[in-house]
Amino acid sequence: MASLREKLSSAKRFVDGVLGADKYQHYLEHQARVHPGQPVMSEKEFWKDYSDWQDKNPQGRCC
């Protein structure tokens with residue numbers, strides 16, 4: 001049986017995924033996998049860039 005800590009951790013991961021709070025972590029993983037050695041944006045820069053992208057593309061991503 002899963003401990004309370006494991007259940008809470010699992011719930012946090014789920015909520016972060018639903019709310020998009022894990023986007024920066026996914027960005028870092030993508031950069032490391034696909035663009036190794038390239039500079040990465042800070043978390044603040046990432047969220048600014050993402051917010052700007054959303055403003056320019058209100059329909060969302062097609063793929």
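Of the 63 residues in the protein chain, 10% are buried. The model is a predicted one, and the values reported here were computed from it. The accessible surface of the protein chain amounts to about 5,600 Å², of which 58% is supplied by carbon and sulfur atoms.

The overall dimensions were examined next. The radius of gyration of the protein chain is 15 Å, whereas a value near 11 Å would apply to a compact globule of 63 residues. The C-alpha trace extends over about 45 × 30 × 25 Å along its principal axes.

The secondary structure consists of 3 helices and 0 strands, giving the pattern α-α-α when the protein chain is read along the sequence. Helix α1 covers residues 4-19, and Phe 14 is found within this helix.

Phe 14 also takes part in a nonpolar surface patch, together with Val 15 and Val 18. The area of this patch is about 310 Å². The relative accessibility of Phe 14 is 59%; Phe 14 is therefore classed as exposed, since the cut-off for that class is over 50% relative accessible area.

With regard to charge, the protein chain carries 10 positive and 9 negative side chains. The centres of the positive and negative sets are separated by 4 Å.

Technical notes
Residues are numbered from 1 along each chain as its sequence is written. This is a predicted model: local features need pLDDT of at least 70, side-chain atom pairs count only at pLDDT 80 or more; totals for chains, interfaces and linings use all residues. Side-chain values use heavy atoms; hydrogens and water are left out. Patches are made of residues with over 30% relative accessible area and no salt bridge: like charges are joined within 9 Å, nonpolar side chains (Val, Leu, Ile, Met, Phe, Trp, Tyr) within 5 Å. Accessible areas come from the Shrake-Rupley method with a 1.4 Å probe; for residues, only the protein chains shown count as cover. A salt bridge is a side-chain nitrogen of Lys or Arg within 4 Å of a carboxyl oxygen of Asp or Glu. Helices (H or I, at least four residues) and strands (E, at least two) are DSSP runs, numbered from the N terminus. Buried means under 20% relative accessible area, exposed over 50%, partly exposed in between (1.4 Å probe, protein chains only). The radius of gyration is taken over C-alpha atoms; the globule rule is 2.2 Å times the number of residues to the power 0.38. Lys and Arg count as positive and Asp and Glu as negative; His and the chain ends are not counted. The place of a charge is taken as NZ of Lys, CZ of Arg, CG of Asp or CD of Glu.
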